[in-house]
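Here is a short report on helix packing and on a few selected residues. Keep the viewer open while reading.

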Amino acid sequence: GRSSENETLVVKLGGSVVTEKTERETVDVDALADAARALAAFDGSLVVVHGGGSFGHHHAAEHGVSTDEGTGNAGDALAIHGAMVELNRVVVDALQDEDVPALPVHPLSAASRDSDGDLSLPTAQITGMLDEGFVPVLHGDGVVHAGEGVTVLSGDELVVELAPAVGATRVGVCSTVPGVLDGEDAVVDRIGSFDEVADVLGASDATDVTGGMAGKVRALLELGVPAQIFAPDALDAFVAGESPGTTIETR
Ligand code: IP8
């Protein structure tokens with residue numbers, strides 16, 4: 001295959017890929033091991049971000065916390081963060097088991113939102129890890145939010161923030177769906193503008209990055225680097241430089 005040494009990938013592993021979404025705090029061990037094996041084949045710079053799945057989301061829901069509704073209760077914030085740290089450790093361990101030099105980065109300890117909800121995320125520790133040959137592994141988390149206490153920071157938002165900061169050459173969003181689907185459940189090969197898929201995705205609030213596929217597509221169109229949305233069985237192909245699923249790139 002082609003050499004990936006000069007590439008920098010940001011890969012999101014969806015929460016529903018690495019966990020059993022319906023069973024509280026249960027890892028999908030086999031799916032995670034498969035993903036770790038696929039990522040281990042890559043020899044360039046790699047940043048991994050994972051979502052919440054059955055770890056973060058039910059805690060956030062129980063405490064009424066979303067990306068814009070926060071909690072001022074430290075115990076509630078810690079319940080959300082603690083579950084995500086637990087999942088993160090399992091993901092990091094699975095990657096290290098495949099000899100990926102993975103290290104954890106916990107967004108709650110570094111990021112913040114202003115009163116408009118705009119995210120600020122320091123990245124010197126992340127680029128520093130990449131320069132030293134490590135693979136930073138971030139996760140959806142809680143984030144301190146001016147005037148709100150702690151709100152949810154989604155993995156999708158992290159991907160959009162990180163890609164330009166690390167000079168990503170490609171972004172991969174590994175999800176349980178094989179890509180963006182058209183009206184007939186066929187995968188759309190390429191999206192160059194939101195208008196092309198507005199009919200099938202419906203309108204979405206541009207600021208709501210956890211709001212399903214429409215929000216994802218909008219955010220990924222802004223990136224300036226090609227992004228691909230694909231299912232777990234296509235992670236190998238993505239890593240190898242192929243274009244599985246839906247490619248999202250402004251023309
Ligand atoms: O699954 C959300 O991350 P996502 C994480 O990427 C929490 O939306 C804390 C619910």
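## Conventions

A polar contact is a pair of N or O atoms within 3.5 Å; within protein, one must be able to donate a hydrogen and the other to accept it, and residues adjacent in sequence count only if both atoms are side-chain atoms. This is a predicted model, in which local features need pLDDT of at least 70, side-chain atom pairs count only at pLDDT 80 or more, and totals for chains, interfaces and linings use all residues. Residues are numbered from 1 along each chain as its sequence is written, and side-chain values use heavy atoms, with hydrogens and water left out.

## Helix α3 and its surroundings

Helix α3 spans residues 53-62. Helices here are DSSP runs (H or I, at least four residues), strands likewise (E, at least two), numbered from the N terminus. Seven of the 10 residues of α3 are buried, so the helix is largely enclosed by the rest of the structure. Buried means under 20% relative accessible area, exposed over 50%, partly exposed in between (1.4 Å probe, protein chains only). The buried set is Gly53, Ser54, Phe55, Gly56, His58, His59 and Ala60. These residues pack against α1 (15-18), α4 and β8 (149-153). Just after α3, Gly64 has a positive phi of about 65°.

His58 sits in α3. Its relative accessible area is 16%, so His58 is buried. A polar atom of the His58 side chain lies 2.9 Å from the backbone oxygen of Ser54. Beyond neighbours within four places in sequence, His58 is in contact (heavy atoms within 4.5 Å) with Arg24 and Glu25.

## Two helices against α4

How do α3 and α4 pack, and at what angle? The angle is about 175°, and the axes are 8 Å apart. Axes are lines fitted to C-alpha atoms, for helices over the stretch in contact; angles run from 0 to 180 degrees between N-to-C directions. The pair is therefore roughly antiparallel. That label applies over 145 degrees; under 35 is roughly parallel, 65 to 115 roughly perpendicular, and the rest oblique. On the α3 side, Phe55, Gly56, His59 and Ala60 make the contact. Ala79, Ile80, Ala83, Met84, Glu86 and Leu87 supply the α4 side. By class, seven are nonpolar, two polar and one charged. Here Ala, Val, Leu, Ile, Met, Phe, Trp, Tyr, Cys and Pro count as nonpolar, Asp, Glu, Lys and Arg as charged, and the others, Gly among them, as polar.

Helix α2 (residues 29-40) meets α4 at about 50°, with axes 8 Å apart. That makes α2 oblique to α4. Leu32, Ala36 and Leu39 of α2 touch Val90, Val91, Ala94 and Leu95 of α4. This contact has seven nonpolar residues, no polar ones and no charged ones.

## His139

His139 belongs to strand β6 (residues 135-139). With 0% relative accessibility, His139 counts as buried. Its side chain makes a polar contact with the side chain of His106, at 2.8 Å. Leaving out residues up to four places away in sequence, His139 touches His50, Met84, Val85, Asn88, Val105, His106, Pro107 and Leu158.

## Phe194

Phe194 lies in the loop between β10 (190-191) and α7 (198-201). Its relative accessible area is 11%, so Phe194 is buried. Residues up to four places away aside, Phe194 touches Leu201, Gly202, Ala214, Val217, Arg218 and Leu221.
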